[in-house]
Amino acid sequence: MATEHTDGTAFESDEEYVEVDDGTRRRRAFVDQFPDAARTARICLGIAFAAFGVGALFGLIQALHRTNALRIIPSSDYYTILTGHGVLLALVFTTFGIAGLFHWANTRSLGVAPTSRRLTQGWLWTMSIGTALAAGTILAGLVEEIPASADVLYTFYPPLAAHPLFYIGTALLIIGSWGAGLDWFLQYREWRQSNPDSRIPLQSFMVLTTMLMWYLCSTGVAIEVVVFLIPWSLGLISQVDPLLTRTLFWYFGHPVVYFWLLPAYVVWYTVLPKLAGGRLFSDPLARVTFILFLLLSTPVGFHHQYTDPGIASGYKLVAMTNTFFLLLPSLLTLFTVVASMEHGARQGGATGRLAWLKDLPWERPEFSGIALAGIMFAAGGFSGMINAGMNINYLIHNTIWVPGHFHLTVGTAYALTLMAVSYWLIPQITGKRLQFRGLAAIQPFVWFVGMVLMSNAMHRGGLAGIPRRTAEPQYEQVSFDAVVGTVGEMRVQIAIGGTLLFVGALLFLIVMAGTWLLGKPDSQLRVNGSLPEPLSGPEESPQVLDNLKLWTAIAVALVLLAYGVPIYDMLADGILAPGSPLIPV
Amino acid sequence: MHVHRFERLWFAASLVLIVAFLGTIVYGAVGPGVAMVDDSGGTVEPSVIANGDYEAADNFREPGVYDTESGVDVYVVARQYLFQPGTTEPIRVPAGEPVTFHVTSPDVTHGFNLAGTNVNSMVIPGQVAEFTVTFEETDEHGIVCHEYCGSGHHTMEGKVVVVEQSQFEGGEN
């Protein structure tokens, strides 16, 4: 372990202080400067963490049930729990977590408060009501007396049908997030009026490009739900085309993973270098990365449908090519993140080719969590490359390999980064010192070990053909031959790993609840929010990088190229044909 | 704009990696001849299959195994929660000969995966999944429905038995 690090030693001269009632002074925090925005961020993160807690419990139940370690529910209820796990974590924990983080990042970097309190309240309520409806309908599936249920998993492929309230709730959650984006664009417009010639501050640039991508891609799922599934579930139309609706879902379903990931990238680019004791390597390349995501995230959805009938191979090939080029921004990020950490360590006096790694502040959870999340994401990136290969994908499509992969990406790159940055950010948006710092310090390592155990076993299980999304992967007519290890040993690792992950989630929630309940307002914080300037600033980079209209237009054009003809093909034989009626679960 | 030398090198290496990956896929397609499930199977109204009205479909037949001049054709209906044929009686196919599967669903979306192999397709109501496999050796392969299809999803399984060509008895043409 390295010696004690203080937070951002090199930059403390920039700090401002505020007077506290008792006459002492303390570091000025985000909550002092923007109390309203801080409150909104707190509410968003609070809802995100609550969803995370329930979703994590469901995950534990599944890990133990699937592996036959402990079965406390009937297998038919497994799918209710799985739907809850997917929706609460992949849609609610993410969307609210991102909203909280972006509300802070956009406000901090522009230095402009959100412009309309009514707008903020509007999207917050819309997202919250949507979440309550969707989650309530799912959980009603566990109670026989309530005639509603939504055991359709978070991909909700028709013709398996949920109660209409599930679709309405999901639509409200997404529409609410559009309002959040509008809030941030209005802040940007206000900032632009007083800064006509300045470059867009980096964090705000990242927030805005991410939201442009989100508007573009979430239109697909909004059309699926509002135009097809809600009228169908209410009986207003008698059938829907299962292939068309799943294509609309996956039009959204891949970029949504970048919607989860880009907030982590915001943290990796702008906060991690500071926590490592240094500064970002290159501002322009960070902008290039986000532009590439805006352009390439959406015209790739067919790579989730490589094994779908009804879609010509050529469309799948276009999606695959785009997908592989989408590796580029992630590979660039890998370089920047590692280079920024190395720079930080060397600033602190570290030497050696790799010896600098041990001089990083691993004892501080905000750093260790983000760094471990980055390492796991690199592993997830490699299994993602397998997923992306059209013909290699046939070996692992819909096997447990796939959740093994995305528990490294959304389940660690996003989730662990959000948890880790919370150790740094929550004090700044509450004015309270972080409590139970010892628990926080071990938490990222517990998560990391749990995920290593669970994910490696899931990947290997997938190679043996063990399916995902099933309560009992134990069959009479099917046996699974492990390529590496044994199926029994994989089960043990999944059960232990899942349990450790649940412990990791609990530790995080204890620290957060403790900080909320026991922390004193107006405390002297251990952290400060100043972010150092990058080594290469935006000044020398071409102005065109900031031309959001241009990049949006190109992104739309690429989507039309990738999706225009295939969607026309599906519509040509009738918008609702070949069609399926409602099939309740 | 200033881009550090290392960044340029990394950028170039990344592009090489990406092109190499695309190369492996192209090799898989033209070398070993891995074909994609695509739109060649055509569409069929799910209600036609649900009613067992197979004569009304020009691209689907009564479920079963058929021996034709061009090879073996297997028509499978995947429904909640069985493969027909496959679950109550195994699908028997010959080794060393192309076998073309045609799989569709009258109800919800299912999956059709021979566990541990790359025989893997979604089964979507309204679409006929068509794919050709040549089994090199006599063997038994478990069929798993790998897409959630309802509360009994985990019971949906079946079997393909690959037999010597001399022991193979296909249905009428």
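Phe436(A) is partly exposed, because 16 other C-beta atoms lie within 10 Å of its own and a residue must have 20 or more to count as buried, or 12 or fewer to count as exposed. The model in which this residue is seen is a predicted one. Phe436(A) sits in the loop between H15 and helix H16 (437-463) of chain A. Its backbone is worth a look as well: although Phe436(A) is not a glycine, it has a positive phi of about 50 degrees. As background, most residues other than glycine have a negative phi.

A second residue of this kind is found further along the chain. Arg469(A), also not a glycine, has a positive phi of about 55 degrees. Its place is the loop between H16 and helix H17 (487-518) of chain A. Is Arg469(A) buried or exposed? With 25 other C-beta atoms within 10 Å, Arg469(A) is buried, because the cut-off for that class is 20 or more.

In chain A, the bond from Ala577(A) to Pro578(A) is cis, with omega near -10 degrees. Pro578(A) belongs to the loop between helix H18 (548-572) and strand E4 (583-584) of chain A. In chain B, Gln84(B) and Pro85(B) are joined by a cis peptide bond, and here omega is about 0 degrees. Pro85(B) lies in the loop between strand E3 (82-84) and strand E4 (91-94) of chain B.

Gly235(A) and Pro581(A) are 346 residues apart in sequence, yet their C-alpha atoms are 9.5 Å apart in space. Gly235(A) is in the loop between helix H6 (202-233) and helix H7 (242-253) of chain A. This glycine counts as exposed because it has 9 C-beta neighbours inside 10 Å, and the limit for exposed residues is 12 or fewer.

Helix packing in chain A can be followed from helix H3, which spans residues 75-110. How do H3(A) and H4(A) lie relative to each other? Helix H4 covers residues 117-140, and its axis is 9 Å from that of H3(A), at an angle of about 170 degrees. The two helices are therefore roughly antiparallel, since angles over 145 degrees fall in that class. On the H3(A) side, the contact is made by Thr80(A), Thr83(A), Gly84(A), Val87(A), Leu88(A), Val92(A), Thr95(A) and Phe96(A). H4(A) contributes Met127(A), Thr131(A), Ala134(A), Ala135(A), Ile138(A) and Leu139(A). By class, the residues of this contact are 9 nonpolar, 5 polar and no charged.

H3(A) also packs with helix H15 (residues 401-430) of chain A, where the axes come within 11 Å and cross at roughly 40 degrees. The crossing of H3(A) and H15(A) is left-handed. Ala90(A), Thr94(A), Gly97(A), Leu101(A) and Trp104(A) of H3(A) make the contact with Val410(A), Tyr414(A), Leu418(A), Leu425(A) and Ile429(A) of H15(A). This contact has 8 nonpolar residues, 2 polar residues and no charged ones.

The C-alpha trace of chain B spans about 70 × 40 × 30 Å along its principal axes. Its radius of gyration is 20 Å, whereas a compact globule of 173 residues would have a value near 16 Å. Of the 173 residues of chain B, 43% count as buried. Among contacts in chain B with a separation of 6 or more, 66% involve residues 24 or more positions apart.

Finally, the two chains meet. Their contact takes 65 residues from chain A and 53 residues from chain B. Which elements of chain A give two or more residues to the side that touches chain B? They are H3, H7, helix H10 (283-296), helix H11 (313-325), helix H12 (327-347) and helix H14 (393-396). The largest share, 6 residues, comes from H11(A). This side of chain A has 35 nonpolar, 20 polar and 10 charged residues.

Definitions and conventions. Residues numbered from 1 in each chain as written. Chains lettered and ligands numbered in written order. Predicted model: local features only at pLDDT ≥ 70, side-chain atom pairs only at ≥ 80, totals over all residues. Helix = DSSP H or I, 4+ residues; strand = E, 2+ residues; numbered from the N terminus. Axes fitted to C-alpha atoms, helices over the stretch in contact; angles between N-to-C directions. Left-handed = near helix turned anticlockwise from the far one by under 90°. Contact = placed C-beta atoms within 7 Å. Nonpolar A, V, L, I, M, F, W, Y, C, P; charged D, E, K, R; others polar. Rg over C-alpha atoms; globule rule 2.2 N^0.38 Å. Parallel < 35°, antiparallel > 145°, perpendicular 65-115°, else oblique.
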